[in-house]
Amino acid sequence: QVQLVESGGGLVQAGGSLRLSCAASGSIFSIDAMGWYRQAPGKQRELVAHITSGGSTNYTESVKGRFTISRDNAKNTVYLQMNSLKPEDTAVYYCNVELTSIWYLSADYWGQGTQVTVSS
């Protein structure tokens, strides 16, 4: 069993900041890539930021320079620091983790989602 627990969402005014966290726990052998996705009402889920096991990152164009993804491998946790938030960043944010379980099975896991609302 693997669990992902997200935290850090909320309501913030435009220009403000939030930090999302996603902690993985359970029968984990190793974690490969970690990422954050978001889904706004009426829209498809989109990749926001991605970080490999080696620390390489990539971002969707609309958040470059404002969002920073990082990970703490000792804590099996991925973070998303969101600065200069805009109303168009409003969405449910989901973490995604690619990992190998202790039974050497590799799979993707999703967090439960956390709401981020940016008011104008």
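Me: Where is Val97 found?
Reply: Val97 is found in strand S9, which covers 91-101. Strands here are DSSP runs of E, at least two residues long, while helices are H or I runs of at least four, and both are numbered from the N terminus.

Me: Before I go on, what kind of model is this?
Reply: It's a predicted model, where local features need pLDDT of at least 70 and side-chain atom pairs count only at pLDDT 80 or more, though totals for chains, interfaces and linings use all residues. Residues are numbered from 1 along each chain as its sequence is written, and side-chain values use heavy atoms, with hydrogens and water left out.

Me: OK, back to Val97: buried or exposed?
Reply: Val97 counts as buried because its relative accessibility is 0%. The cut-offs are under 20% relative accessible area for buried, over 50% for exposed, and partly exposed in between, using a 1.4 Å probe and protein chains only.

Me: Which residues does Val97 touch?
Reply: Leaving out residues up to four places away in sequence, Val97 touches Leu4, Ile31, Ala33, Met34, Ala107, Asp108 and Tyr109. A contact means heavy atoms within 4.5 Å.

Me: Switching to the core. How many residues does the largest nonpolar core have?
Reply: That core has 29 residues. The rule takes buried Ala, Val, Leu, Ile, Met, Phe, Trp, Tyr and Cys residues joined through side-chain atoms within 4.5 Å. Those with the most contacts inside it are Trp36, Val48, Phe67, Val78, Leu80, Met82 and Tyr93.

Me: Which elements give two or more residues to it?
Reply: They are strands S1 (2-7), S3 (18-26), S4 (28-39), S5 (46-51), S7 (67-72), S8 (77-82), S9 and S11 (114-119). S9 gives the most, with five residues.

Me: Take Leu80, then. What does it touch?
Reply: Skipping residues up to four places away in sequence, Leu80 touches Leu18, Arg19, Leu20, Trp36, Val48, Ala49, Phe67, Thr68, Ile69 and Tyr93.

Me: How many disulfides does the count come to?
Reply: The count comes to one disulfide, taking a pair of cysteine sulfur atoms within 2.5 Å as the rule. The pair is Cys22 and Cys95, with their sulfur atoms 2.0 Å apart. Their link is right-handed, with 45° about the S-S bond.

Me: Which parts does that pair tie together?
Reply: Cys22 lies in strand S3 and Cys95 in strand S9, so the pair ties together parts that are 73 residues apart in sequence. Cys22 is buried at a relative accessible area of 1%, and Cys95 is buried at 0% relative accessibility.

Me: Now charges. How many salt bridges does the structure hold?
Reply: The structure holds four, a salt bridge being a side-chain nitrogen of Lys or Arg within 4 Å of a carboxyl oxygen of Asp or Glu. One of them joins Arg38 and Glu46 at 2.7 Å, N to O. Arg38 is buried at 6% relative accessible area, whereas Glu46 is partly exposed at 32%.

Me: What about Arg66 and Asp89?
Reply: Arg66 forms a salt bridge with Asp89, with the closest N and O atoms 2.7 Å apart. Arg66 lies in the loop between strand S6 (57-59) and S7 and Asp89 in the loop between S8 and S9, so the pair ties together parts that are 23 residues apart in sequence. Arg66 counts as buried at 10% relative accessibility, and Asp89 is buried at 1% relative accessible area. Arg38, Glu46, Arg66 and Asp89 are linked in a network of salt bridges.

Me: Last one: which residues form the nonpolar patch on the surface?
Reply: Phe29, Ile102, Trp103, Tyr104 and Leu105 form it, with about 620 Å² of accessible area together. Areas come from the Shrake-Rupley method with a 1.4 Å probe, and for residues only the protein chains shown count as cover. Patch residues have over 30% relative accessible area and no salt bridge; nonpolar side chains (Val, Leu, Ile, Met, Phe, Trp, Tyr) are joined within 5 Å, like charges within 9 Å. Trp103 is found in the loop between strand S9 and strand S10 (106-110), and is exposed at a relative accessible area of 54%.
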